[in-house]
Amino acid sequence: MKLWQKMVDDVVQAFEAGRTAVWGTKRIIRTTTPADVPLSGVLHWQLSIPAVFSSDPVSNRVALGLGAAEVLHGTGPDAMGDIQAAIRSLDDPEVAITWFGGFAFDPTQPVAGALQGWPHALWFVPTLTLMREAGSDCVTVTVVVPAQWDAAAVRKTLADICTELQKSPSDIEVKSTASQARPEVGAVHDEGSWRQLVETAVGELQRGDLHKVVLARQTPVDVQVSLGEALARVLDAYGSSHVFAMLWEQRWLIAASPEQLVRVTDGTMAVDCLAGTADRSADAATDEALAGALFSSEKNRIEHAAVVRVVVDRLKLVAEDITVPRAPVIKKLANVQHLYTPIRGRLQPGMHLFDAARLLHPTPAVGGVPLAGALQFIRQHEGWPRGYYAGAIGFVDTAGSGLLSVALRSAAVAYPRATLYAGCGIVAASDPNEEWRETEMKLKPMRLALG
Ligand SMILES: C=C(O[C@H]1C=CC=C(C(=O)O)[C@@H]1O)C(=O)O
């Protein structure tokens, strides 16, 4: 509490001393204090303010955001472009801001199901951002206020957040009965209906209109653990993935994404092509045999090559010095192993992380080839709204560096219920039984986290 009081005083002092910057039509005040703070321990499923958690395995940066100093919503087919334009119009190069958020998979479809009510794009600057990197922690407070506000109003905004953070779950009123009831999530495929769905796709793929389509399914579970425990479990088993959780309107999206849609660090760009999957084994020799079989499987190589081809073609429009390894390597995760091709390059001058994301999403790792036909097939046959599953989640800063991960190995939580998601690439040679097994493997991270 002492730390909190100091942060509030710092912000009010900065405001009174005029250390603020213009932020659109408002003013922004930011103060940063070094502090050793518990990270995921602060979070719980029933928080009543927006929140975000992000653990990035590449930069080793863990961030926790609470409250929303500024929020951007995007709706409709160019939700990504709208958010990009809004961020650009607000960002002041003098003020280093990190935005957190995500994009739904298909902005032409309503976000129904477990995250019903979320817009197609949702980005925010937390009021309180706790950042842990390279062994040092700091807390940044960001307040955005109308130009005419006085110090008392600034102090009150911060006091309100403090009150929210001090509430225990039992103090929090669940806003609507909708979030208590199991939401209308659409089709929940069992093994039989999944097999039929895959057979329908294979029929279409064999006729030759489609080359690849990624089909997914959802499954409900009851949440058995606290959010802190869920995050700790996922970080322990899937620490090499981008572990991300975001709370909006009393619903969480949580993911352990193994796939970077695009990362930009000072103009250098990294894109992952991840497609083609095999099981893991505790026995080293069997595990290597599984990896070898995956590497030489024609069906998996076709599925993978479709992603690399499309990603490289689209990247040429925004990037230069693109390097593409000649063959994929094997990426091992705790539950599965994948064919993996890391693509690297530089963003062309003037291009932004979101320009690359707009071109790349959805890659054939989550959509298909040709894209329009695959999306049409998904909308017509999958039977449930994907919402944020297979969308893009992450963060971006004022300088344009950031990460958007593909929202895979993910779940939506309307506590105490959750919906888990998993999909797989279908090509003409796919076997429906194998594809069911693959979705079961891919459900493991979130089953481990929540069950
Ligand atoms: C669509 C998913 O995985 C994609 C990423 C890696 C491997 C995939 C595959 O082998 O089918 C998928 O393309 C998912 O995990 O829900």
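**Figure 1. Gly-81 is tucked away as a buried residue.** Gly-81 has a relative accessible area of 11%, so it counts as buried (buried means under 20% relative accessible area, exposed over 50%, and partly exposed in between, using a 1.4 Å probe and protein chains only). Before going on, note that this is a predicted model, in which local features need pLDDT of at least 70, side-chain atom pairs count only at pLDDT 80 or more, and totals for chains, interfaces and linings use all residues. Residues are numbered from 1 along each chain as its sequence is written, and side-chain values use heavy atoms, with hydrogens and water left out. Back to the view: Gly-81 sits in helix H2, which covers residues 79–90 (helices, H or I with at least four residues, and strands, E with at least two, are DSSP runs numbered from the N terminus). Look for Ala-121 too: it is 40 residues from Gly-81 in sequence, and their C-alpha atoms are 9.9 Å apart in space.

**Figure 2. Helix H2 packs with helix H8.** H8 spans residues 353–360, and its axis is 10 Å from that of H2, at an angle of about 175 degrees (axes are lines fitted to C-alpha atoms, for helices over the stretch in contact, and angles run from 0 to 180 degrees between N-to-C directions). That angle makes H2 roughly antiparallel to H8 (under 35 degrees is roughly parallel, over 145 roughly antiparallel, 65 to 115 roughly perpendicular, and the rest oblique). On the H2 side you'll find Met-80, Gly-81, Ile-83, Gln-84, Ile-87 and Arg-88, which meet Phe-354, Asp-355, Ala-357 and Arg-358 of H8 (contact means heavy atoms within 4.5 Å). Sort these residues by class and you get five nonpolar, two polar and three charged (Ala, Val, Leu, Ile, Met, Phe, Trp, Tyr, Cys and Pro count as nonpolar, Asp, Glu, Lys and Arg as charged, and the others, Gly among them, as polar).

**Figure 3. Helix H4 crosses helix H10.** Here the axes of H4 (residues 191–207) and H10 (residues 432–442) come within 9 Å and cross at roughly 120 degrees. That makes H4 oblique to H10. The crossing is right-handed (left-handed if the near helix is turned anticlockwise from the far one by less than a right angle, right-handed if clockwise). H4 brings Glu-191, Trp-194, Arg-195, Val-198 and Glu-199 to the contact, while H10 brings Pro-432, Asn-433, Glu-435, Trp-436 and Thr-439.

**Figure 4. Ile-28 is a buried residue in a strand.** Find Ile-28 in strand S2, residues 26–34. Its relative accessible area is 3%, so Ile-28 is buried. Leaving out residues up to four places away in sequence, Ile-28 touches Thr-20, Ala-21, Trp-23, Val-95, Ile-97, Thr-142, Val-143 and Val-144. Phe-395, the subject of the next view, is 367 residues from Ile-28 in sequence and 19 Å from it in space, C-alpha to C-alpha.

Figure 5. Phe-395 belongs to strand S19, residues 392–397, and is buried at 6% relative accessible area. Leaving out residues up to four places away in sequence, Phe-395 touches a list of residues including Ser-54, Asp-56, Arg-61, Trp-99, Phe-100, Trp-123, His-242 and Leu-353. Gly-102 is 293 residues from Phe-395 along the chain, with 8.2 Å between their C-alpha atoms.

**Figure 6. Two prolines follow cis peptide bonds.** The bond from Val-369 to Pro-370 is cis, with omega near -10 degrees. Pro-370 lies in the loop between strand S18 (368–369) and helix H9 (371–381). The other cis bond joins Tyr-415 and Pro-416, and its omega is about 10 degrees. Pro-416 is in the loop between strand S21 (410–414) and strand S22 (417–426).

**Figure 7. Asn-60 and Asp-321 have positive phi angles.** Asn-60 isn't a glycine, yet its phi is about 60 degrees. You'll spot Asn-60 in the loop between strand S3 (51–56) and strand S4 (61–66), and it is exposed, with a relative accessible area of 56%. Asp-321, also not a glycine, has a positive phi of about 50 degrees. This residue is found in strand S15, residues 319–323, and Asp-321 counts as exposed at 57% relative accessibility.
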